[in-house]
Amino acid sequence: VELGHRIGGVGWLGWMVGTLGEISLALGDLNEAERINREALEFAIASHDEALIALRYPILAQIMLLQGRIDEADAALGRARELLLEDEEPQGEIPRSWTEAMLASTRGRERDALAHLRHGVELSARFNVDFAPQLELDLIRMLIARGQRDEAVAVRAVLELGWSQFTRAFADVADGLLDSDAAAAMVPLRRAVDLFDALGAKIELARALIDLGRVERRAGLDPRPSLERARTVLMECDAQYFVPEAESELASLGGT
């Protein structure tokens, strides 16, 4: 990055600074991720690299979505769609599928959400699962809710194609969700919580804690510590998109 600044390599900076922004996003530092990604977008625009510009807008959209800024996220994705080349890079198309799905779900378009998730999973299986393993897990969550267990099990198998510890944690969450025995399900879910915590992936940590809290409740245990921790982590990250989910689970327990 320093070399790019010294020689005026805006194309390099668009890629490298963008990667730093994506790391901040993965760590749940959404304010810093937005700042860095906007800087990367400026470099991409200055370099007239339309493919890179089209990659940066969906990342910006994902950050805005997680912050609960739905209309702004939709607008950023709309700008990306305008710029997309005929053959979009899987590196951008795979994570964009997740953001498109979450936006569709927010708008009440469940069929569209499922279609985006399935498309992203299919691309992941062919190219790289580690780009966005949340695709597989959120598709599994949605399929389980719809009673489509067989497809959910097939999607879980796709996570085995990943190599990163990050993806390994998603696979553990999936195993917990798919296990009908609550006591047994807690084992991989707690393992996932520990791994997300060790990796510093705060938003995914919070979502796994919500999943764990639900299973703890099924097992007859007190889920409040897991759910309260999830809510605290999400609020610290300003991940407003998922805060209502934690609050709803806590409210269903009654009390304060």
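The lining of the second largest pocket divides into five nonpolar, one polar and eight charged residues, where Ala, Val, Leu, Ile, Met, Phe, Trp, Tyr, Cys and Pro count as nonpolar, Asp, Glu, Lys and Arg as charged, and the others, Gly among them, as polar. The model is predicted, with local features requiring pLDDT of at least 70 and side-chain atom pairs counted only at pLDDT 80 or more, whereas totals for chains, interfaces and linings use all residues. Residues are numbered from 1 along each chain as its sequence is written, and side-chain values use heavy atoms, with hydrogens and water left out.

A pocket is an open set of points, on a 1 Å grid over the protein atoms alone, where a 1.4 Å probe fits and protein lies on both sides within 12 Å along at least five of seven lines; lining residues have an atom within 4 Å of a point. The second largest pocket has a volume of about 340 Å³, a volume being the space filled by probe spheres set on the points, which are joined across faces, edges and corners. Of its 14 lining residues, Ser105, Asp138, Arg141, Met142 and Arg207 are the closest to the centre. Two or more residues come from each of α6, α8 (134–145) and α12, with α8 giving the most, four residues; helices are DSSP runs (H or I, at least four residues) numbered from the N terminus.

For the largest pocket, the volume is about 730 Å³, and of the 27 residues that line this pocket, Glu22, Ala26, Asp130, Phe131 and Phe166 are the closest to its centre. The elements giving two or more residues to this lining are α2 (10–26), α4 (50–66), α6 (90–106), α10 (165–178) and α12 (202–218), and α2 gives the most, with seven residues. By class, the lining of the largest pocket has 18 nonpolar, five polar and four charged residues.
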